[in-house]
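Hi everyone, thanks for coming.

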Amino acid sequence: MTMSDNSYGAIHRYEPARESTVAAITIVLLSVIQIVFVGVFTYGFTAGWGVGTSTGTEAGNVLLGLLLAAIFINLAFILLLYRKEFLPDVMVVKKRRRKWEDLYIREEDMHGEEITDGTLDKLKRAIYPYYKK
């Protein structure tokens, strides 16, 4: 759905999410697998699979590393499916700015100001706070 309003902040294009049942079931299954991976990693970490001087230490470190990689890859797939299937696609009209516009608060300040502008007034106010212009 495309809208013709070109004012700033207006929604230019809005496509609703698909919200498929297959994606929801897949996210639930991946979440269960995620819980299993986290449980096995936590058990291995507390049981000391990667600690000690035995010959199995290197294998324990590799196994814990692979479990941690599987946790993050699985989480990435969950987030990817959620973003693709359950979040709407929205394009908002934004104001295009020139490079210098972000540097200055007001347009009259775009050329900067001199160091000595108002120095005498600032000095008089510092010495005598009730000084009037």
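Now, a bit of housekeeping. What you see is a predicted model, where local features need pLDDT of at least 70, side-chain atom pairs count only at pLDDT 80 or more, and totals for chains, interfaces and linings use all residues. Residues are numbered from 1 along each chain as its sequence is written, and side-chain values use heavy atoms, with hydrogens and water left out.

How confident is the predictor? pLDDT is its confidence in each residue, on a scale from 0 to 100. The chain has a mean pLDDT of 79, with 68% of its residues at 70 or more. Helix α1, residues 21-47, has the highest confidence, at a mean of 95, while α3 has the lowest, at 75. Keep in mind that where pLDDT is low, the predicted coordinates should not be read in detail.

Next, the chain as a whole. I'll call a residue buried under 20% relative accessible area, exposed over 50%, and partly exposed in between, using a 1.4 Å probe and protein chains only. By that rule, 13% of the 133 residues are buried. The chain exposes about 11200 Å², and carbon and sulfur atoms supply 64% of that; these areas come from the Shrake-Rupley method with a 1.4 Å probe, and for residues only the protein chains shown count as cover. As for contacts, meaning heavy atoms within 4.5 Å, take those between residues at least 6 apart in sequence: 66% of them join residues at least 24 apart.

Let's go into helix α1. Q34 counts as buried because its relative accessible area is 12%. I35 is also in helix α1, but I35 counts as exposed, since its relative accessibility is 62%.

G48 has 23% relative accessibility, so it counts as partly exposed. From C-alpha to C-alpha, G48 and G60 are 8.2 Å apart, and they are 12 residues apart in sequence. Over in helix α2 there is L63, which is partly exposed because its relative accessible area is 39%. L63 and G50, 13 residues apart in sequence, have C-alpha atoms 8.4 Å apart.

Stay with helix α2, residues 57-86, and you'll find E85. Is E85 buried or exposed? It's buried, because its relative accessible area is 10%. Leaving aside neighbours within four places in sequence, E85 is in contact with A17, R18, E19, S20 and A23. One of those, E19, belongs to the loop between β1 (11-15) and α1. E19 has a phi near 55°, a positive value in a residue other than glycine. E19 counts as exposed, since its relative accessibility is 54%.

One more loop, between β2 (89-92) and α3 (119-127): that's where V93 is. V93 is buried because its relative accessible area is 18%. The C-alpha atoms of V93 and R13 are 9.0 Å apart, and the two are 80 residues apart along the chain.

Last stop, the pocket. Rolling a probe the size of a water molecule over the atoms shows where empty space is left. On a 1 Å grid over the protein atoms alone, where a 1.4 Å probe fits, a pocket is an open set of points with protein on both sides within 12 Å along at least five of seven lines, and lining residues have an atom within 4 Å of a point. The largest pocket holds about 190 Å³ of space, a volume being the space filled by probe spheres set on the points, which are joined across faces, edges and corners. Which residues line the largest pocket? They are E15, P16, A17, R18, R83, K84, L87, P88 and D89. The lining divides into four nonpolar, no polar and five charged residues. Here Ala, Val, Leu, Ile, Met, Phe, Trp, Tyr, Cys and Pro count as nonpolar, Asp, Glu, Lys and Arg as charged, and the others, Gly among them, as polar.

Key:
Helix = DSSP H or I, 4+ residues; strand = E, 2+ residues; numbered from the N terminus. pLDDT = per-residue confidence, 0-100.
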